Amino acid sequence: MELAMIGLGKMGLNMATRLVRGGHRVIGYARTAESVKAAVEVGAEGASSLEEVVSKLKAPRVVWVMVPAGKATDDTIEKLSNLLNKGDVVIDGGNSNYKDTLRHAQLLESKGIDFLDSGTSGGIWGLSEGYSLMIGGKPHVAEKMRPIFETLAPAADKGWGRVGPHGAGHYVKMVHNGIEYGMMQAFAEGFGILKAKKEFELDLSQVSKIWQYGSVVRSWLLDLAALALEEDSDLSEIEPWVADSGEGRWTVFESVDLAVPAPVIALSLQMRFASRDQENFPARMLAALRNQFGGHAVKKVEP
């Protein structure tokens with residue numbers, strides 16, 4: 001298949017690379033010429049505007065949007081709605097709020113343009129490991145896009161699927177990220193307790209590697225913790241400052257709206273707020289984990 005990738009940050013570029021390697025024709029577009037050049041270097045074709053993107057695609061066109069949630073996604077989808085034609089497909093693979101997604105679906109479908117929302121997980125590791133894709137939209141549209149999803153996923157029959165109607169993909173990804181917040185916080189607190197037991201002189205890197213095999217807490221996040229501790233056993237070069245990208249907040253808001261208790265996710269969000277004012281090891285671990293799995297920036301300790 002052929003498609004356009006709009007947004008060529010770390011994740012968008014890696015997804016474009018995986019698609020090219022999978023035999024798809026990819027047109028890459030981003031706001032900066034450097035990002036477009038990077039896409040061309042991995043085998044995609046470049047474009048300097050959305051208009052050029054559309055002109056290079058054969059109908060029915062497929063456009064994957066991978067830009068920051070909020071205004072950037074709003075503006076991109078609105079412009080595409082005026083450039084694309086009936087039967088074309090837009091896939092929002094970013095972390096949009098599902099309420100925005102419902103609005104985007106209504107706008108595009110009013111013009112006969114098909115729409116899918118794809119909650120996408122995998123971070124910087126997705127290029128080699130594949131992406132987990134949680135898809136919302138009409139079944140027949142998702143089925144038409146199967147070759148794309150099969151290429152991006154860890155395997156053709158694993159790690160992806162249509163989970164429901166418009167908005168469901170981003171809703172499932174939102175809750176996925178809320179769970180992720182809680183899991184990371186638990187690891188951070190556990191390692192913090194281990195570090196505080198000074199008289200045992202515990203080697204946290206060693207402990208993490210022991211847990212990787214046979215333990216009930218073994219997981220990919222633990223593997224990433226082991227990588228972080230192997231690089232810097234005290235995490236001394238990372239400031240204990242942890243951002244939240246939105247999905248954790250939205251998950252907590254949903255728990256309140258639905259009257260479903262979610263104390264672990266709520267408290268993990270609060271701890272991220274606390275990390276911005278306090279220096280503590282658990283927050284360093286959180287920052288290190290986000291850097292390990294997603295390539296997110298960390299604040300380095302000033303020399």
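**Starting with Asn14**

I looked up Asn14 and found it in helix α1; helices here are DSSP runs of H or I with at least four residues, strands are E runs of at least two, and both are numbered from the N terminus. Before going on, I noted that this is a predicted model, where local features need pLDDT of at least 70 and side-chain atom pairs count only at pLDDT 80 or more, while totals for chains, interfaces and linings use all residues. Residues are numbered from 1 along each chain as its sequence is written, and side-chain values use heavy atoms, with hydrogens and water left out.

Is Asn14 buried or exposed? Asn14 counts as buried, at 16% relative accessibility (buried is under 20% relative accessible area, exposed over 50%, partly exposed in between, with a 1.4 Å probe and protein chains only). I then checked what Asn14 touches: leaving out residues up to four places away in sequence, I got Ile124, Leu127 and Tyr131 (contact means heavy atoms within 4.5 Å).

**The sheet**

I followed α1 (residues 10-21) next, and α1 lies across β1 (2-6), β2, β4 (62-65) and β6 (114-121). Helix α1 runs at about 165° to β1; axes are lines fitted to C-alpha atoms, for helices over the stretch in contact, and angles run from 0 to 180 degrees between N-to-C directions.

In what order do the eight strands of the open sheet come? I read off β3-β2-β1-β4-β5-β6-β7-β8, with mixed pairing (two strands pair if DSSP finds at least two bridges between them). The edges are β3 (45-46) and β8 (160-164), each with a single partner strand, so one side of each has no neighbour in the sheet.

**Helix α9 and its partners**

I looked at α9 (residues 168-196) against α10 (residues 204-211): they pack at about 135°, with axes 11 Å apart. That makes α9 oblique to α10; under 35 degrees counts as roughly parallel, over 145 as roughly antiparallel, 65 to 115 as roughly perpendicular and the rest as oblique. From α9, Phe191, Leu194 and Lys195 meet Leu204, Val207, Ser208 and Trp211 of α10. I sorted the residues of this contact into five nonpolar, one polar and one charged (Ala, Val, Leu, Ile, Met, Phe, Trp, Tyr, Cys and Pro are nonpolar, Asp, Glu, Lys and Arg charged, and the others, Gly among them, polar).

Then I took α13 (residues 263-275), which packs on α9 at about 70° with the axes 8 Å apart. The two helices are therefore roughly perpendicular. Among the α9 residues in this contact are Gly178, Tyr181 and Met184, and the α13 side includes Ile265, Leu269 and Arg272. By class, the contact of α9 with α13 has seven nonpolar, four polar and one charged residues.

I found a cis peptide bond between Ala59 and Pro60, with omega about -5°. Pro60 sits in the loop between α3 (50-56) and β4.

Glu201 is not a glycine, yet has a positive phi of about 50°. Glu201 lies in the loop between α9 and α10 and is exposed at 71% relative accessibility. Leu235, also not a glycine, has a positive phi of about 50°. I placed Leu235 in the loop between α11 (220-231) and α12 (247-258), and Leu235 is buried, with a relative accessible area of 0%.
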